[in-house]
Amino acid sequence: MPTLERIEAFADDLTAIRRDFHEHPELGFQEVRTSGKVAEMLESWGIEVTRGIGKTGVIGVLEGNRPGKTIGLRADMDALPIHEQTNLPYASKTPGVMHACGHDSHTTMLLGAARYLAETRDFAGKAVFIFQPAEEGLGGARAMIADGLFDKFPCDELYGIHNSPFHDPGVFGVKKGAAMAGADFFDITITGKGSHGARPEGSKDPVVIGAGLVKEIQSIVSRNLPPTHPVVVSITQFHAGSAYNVIPETGTLSGTVRYFDIEDEKLVAERMRAICAGFAIAHDCQIDVDIRNVFDVLMNDDQRSDDLLAAATDVVGPEKAQLKDDLAMGSEDMADMLRIVPGAYATLGHGGNVALHNPAFVFDDEALPVGASFFARMVEMRGAA
Ligand code: NI
């Protein structure tokens, strides 16, 4: 692959680093070992390190050999609460925790770029390496921002990538404007009245009420929003009861909303609250609704998207640096950073063929030097711009 030669020369090191992270995955805000290793490596290459931005987040700062722009590069470090089923020799050693989204690869790619830039020091401006904790719905980006990330380390531009087993190996894809959905998580708690399973007349049954709510909530998108608006409401959890012969006292429904327009999100939240209030009256019970916004809509800056593709083209050639026009209903908390610093977020295809967040997901290490070269070129090309 047409990666940077110097990075290709230490590709085996990158594979070893990635597999070590893979073997030792850590959940969001618990990336103590991972962030410790990251900080140690950065320091060993002479990069100035700040720990503890956003709890377990780490920042590395490297000055180039001439003045220029400050380019922020971001990678996420957290794993998922999934039990790995790959049988790989370097499979997770932590039961129930797995790098099933490949954040181990993002961290490693950024480390590769940091090492290269520290060795060459042949670039204008400054590189800010942002190693973010807790991307998987836990608010790692917001925690770093709240800790003063961009006040302490102001950046002119910001770039990131996510690995993708859905795209061809070495293919970079970026979409201008709104690219990935914003997301809410919600919990609905129904407090009814428990009873003997044989005496339903004495109950206010949260299972029956909840089943009705599931159906009703599913109609919010189809009957309140124009079909041209991409919005998803999914109820992903329904918990109630613990015995065959007991009607439970409470039940909870949980799920997620995905949207590209904040007005759509507001309408969905409003309808959800109204439906629950109506059900509470109709069934003479209490229903509490908690809706929390967890991800902004990810907005790629038009110009910065072109700049990203220019750097990608430099690494993989024009055919593999692609401007996309498809929206992703998935969410990504780099969106919060891109609200503050204009930049772009891309996908990088690799040879894996199992979906992200699947217990059998396997990342293809061939993509490590490609991602590292991309990050490095981003700094070399944009620092001097
Ligand atoms: Ni991810």
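The lining of the second largest pocket divides into 2 nonpolar, 5 polar and 3 charged residues, where Ala, Val, Leu, Ile, Met, Phe, Trp, Tyr, Cys and Pro count as nonpolar, Asp, Glu, Lys and Arg as charged, and the others, Gly among them, as polar. This is a predicted model, in which local features need pLDDT of at least 70 and side-chain atom pairs count only at pLDDT 80 or more, while totals for chains, interfaces and linings use all residues. Residues are numbered from 1 along each chain as its sequence is written, and side-chain values use heavy atoms, with hydrogens and water left out.

A pocket is here an open set of points on a 1 Å grid over the protein atoms alone, where a 1.4 Å probe fits, with protein on both sides within 12 Å along at least five of seven lines, and its lining residues have an atom within 4 Å of a point. The second largest pocket holds about 170 Å³ of space, a volume being the space filled by probe spheres set on grid points that are joined across faces, edges and corners. Its lining includes Phe 185, Gln 237, Ser 254 and Arg 292. Strand 8, strand 10 and strand 12 each supply at least two residues of this lining, and strand 12 gives the most, with 4 residues; strands are DSSP runs of E, at least two residues long, numbered from the N terminus.

These strands are also linked by pairing, which requires that DSSP finds at least two bridges between two strands. Strand 12 pairs in the antiparallel sense with strand 8 (residues 182-191) over 10 bridges, and Ile 190 stands opposite Gly 251 of strand 12. Strand 10 (residues 232-240) pairs with strand 12, again in the antiparallel sense, over 8 bridges, with Gln 237 opposite Ser 254. Because 8 of the 10 residues of strand 12 (residues 250-259) are buried, this strand is largely enclosed by the rest of the structure; buried means under 20% relative accessible area, with a 1.4 Å probe and protein chains only.

The largest pocket contains about 740 Å³ of space and is lined by 33 residues, of which Met 180, Ala 328, Gly 330, Ser 331 and Leu 356 lie nearest its centre.

At the metal site, the nickel ion is coordinated by Cys 101 (SG), His 103 (NE2) and His 162 (NE2), at 2.1 to 2.2 Å. Donors are N, O and S atoms within 2.8 Å of the metal (3.2 Å for Na, K and Ca), and sites may look incomplete because water is not among the atoms. Cys 101 is buried, with a relative accessible area of 7%, and His 103 is buried at 0%.

Conventions
Buried < 20%, exposed > 50% of the residue type's maximum accessible area, 1.4 Å probe, protein only.
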